[in-house]
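Here are a few notes to read alongside the model.

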Amino acid sequence: MGCCPINSDIARMARYPKKYDIIVVGAGHAGCEAALAAARMGCSVLLMAIDLDKVAAMPCSPSIGGMAKGQLVKEIDALGGEMAKITDRTAIQYRTLNTKKGPAVHSSRTQNDKIRYHMAMKAVIESEPNIDLKQAMVERLVVEDAKIVGLEDITGFGYQSRCIVLATGTFLSGLIHIGFNSIKAGRAGEFASYGLPAHLKELGFELGRMKTGTPPRLRKSSIDFTKFTRQEADPEPNPFSYFTDKITMPQIPSYIGHTNKRAHAIVQKNLKRSALYGGIIKGISARYCPSFEDKVVKFPERDRHQVILEPEGIDTEEIYSSGLGNSLPLEVQIEFVRSVEGLEEVEIMRPAYAIEYDYVNPVQLKPTLETKTISGLFMAGQINGTSGYEEAAAQGLWAGINSACKVQGRATFILDRSQAYMAVMVDDLVTRGTREPYRMFTSRAEYRLMLREDNADLRLMETGYQLGLIDRHALREIKQRKKLIDQELQRVRQTVLKPSKKVNDYLENRGSNPISSGIHLDQLLKRAELDYCLVEKLAPIPEPISNKVTRQVEIEIKYEGYIKRQMEEIESFKNLERMDVPEDFDFAVVHGLSNELKEKLSEVKPASLGQASRIDGMTPAALTVLMIALKTYKK
């Protein structure tokens, strides 16, 4: 891809007198994290939004976390981001998912008051002295000699900066569909941006088209909740943020129901009237989050699908109807929704809709999320082809940190796949690109046993401190906890329990076989039916330690064999990651590689042999050829 130099001297236009280190375009979850990270690292930041009343808006489900997404939020928090803190201030339901499975896939999820979330995040941004928050629509970037120098808004007014982070969400050429009615909008009721995506094409970027959607919002007082199953919040909610001491928001239930054959028949009969199946939508949909039309067509053997009614806040009648997303005409939506048991008299306050928008193929980005062709231009969030608040926020933090590092002349911030879920996501995007909305799953992480929710602070908080995003007090606490974990692990492994009535009575009461000879405590703790209560009852530590410590000790011992094996795999992985690929390396001259692989390698420009190994189509034989070529490479 080439970059068209744009002859646009910013000095010729009317411009704001202040020159910023970084401008962040878009104040969604990606933009907020990018702006805060850069500002807290000491940069002057301008955060621009089309509508300041929609800062950190939750246009789809007002929830944070979920499978793999909860891990992302914990990592954002451990590095000094804001999402988890705001979540705890506004969460009206906490639930931990996958508790019947191993700790590698435990994930936290909250339902949030979306207005309070927006207001809380906006207040944090407004109180940050290094951030200026302004309402404007960006029309074009100002590029000189393949380097960012500023941007121009839709009125022709200019702003100067050394770096720009584009976090534009669904606003690039956004088009909303309700049946065959199409509306130019970035979200319902908000302007879309058409000048900026056209300008990105002028600059030589490859853009694609994606589609997402949102279900109808229902009036609470018109729902018969007795026909649904009540789902309570966790009785003892665990905060998302490591810095939250207490949950203060009231906890509100959600409700689970199901569609039926009549609902399916209504949708089937009106498929040709939906934007998705009527030929209106061209963008690629997400496979893992299908619209109801997709469910009916792709799963014809099923005569019902789950519906979850979730409150959008404490002081609103609006209910989010998860599972009922569609792009049907409003009159069909009313008939369809009212066919669900318990919703016979329901009032739709906001109709469901599908939305198409442009995104930039992320293989055009470096692992820092800076573009390969324009220095100082970074991209984060849905512009990179991802889906979800959490994925966006993690990219925003990543891009914000790296833009600050660029301004300050510091080393780039890059984690590898063995260190964080967010690193898995970024590596997937810049190495393989995406042709459908990318969502984080635990299955994407090869080393997920090491990348748990419960150890994100132990993994990443020291890095956050080095970046200037975590304070010294938190660092001291982490170091002390690591020390206590090591000490308790050593004590448990060295302690021998001898058979006695007390010991064997305890074991029998827990459904575990008694012992007839001395046994190390850690060997007993490996038994599936036993937990850390064994240690507390039969060999308590002289001084009490926190649950955070005992939890890590229990996991380390119970999964010791798996952890050892994964550590060996990580070491092999790191050996490939340590072998750098020079930026000017010419893959076209490497003998033994197919032309297809040469093209892919030249497009991606992998930073390491490890990244090259993950390019689609790379074989062990081809990797060996490339390794030899790199070892013999001379500038």
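The points below take up a helix, a glutamine and a cavity.

1. This is a predicted model, in which local features need pLDDT of at least 70, side-chain atom pairs count only at pLDDT 80 or more, and totals for chains, interfaces and linings use all residues. Residues are numbered from 1 along each chain as its sequence is written, and side-chain values use heavy atoms, with hydrogens and water left out.

2. Let's begin with α12. Helices here are DSSP runs (H or I, at least four residues), strands likewise (E, at least two), numbered from the N terminus.

3. Buried residues (under 20% relative accessible area, 1.4 Å probe, protein chains only) of α12 include A474, I478, R481, E488 and R491. Among the elements covering the buried residues of α12 are α11 (456-467) and α16 (547-558), where contact means heavy atoms within 4.5 Å.

4. Next, look at Q333, which sits in helix α8 (residues 330-337). Q333 is buried, with a relative accessible area of 0%. Its side chain reaches the backbone oxygen of L328 at 2.9 Å. Not counting residues up to four places away in sequence, Q333 touches I178, P216, N326, L328, I348, P351 and A352.

5. Finally, the lining of the largest cavity has three nonpolar, four polar and three charged residues.

How values were computed. Buried < 20%, exposed > 50% of the residue type's maximum accessible area, 1.4 Å probe, protein only. Nonpolar A, V, L, I, M, F, W, Y, C, P; charged D, E, K, R; others polar. Polar contact = N/O pair within 3.5 Å; in protein donor to acceptor, adjacent residues only side chain to side chain.
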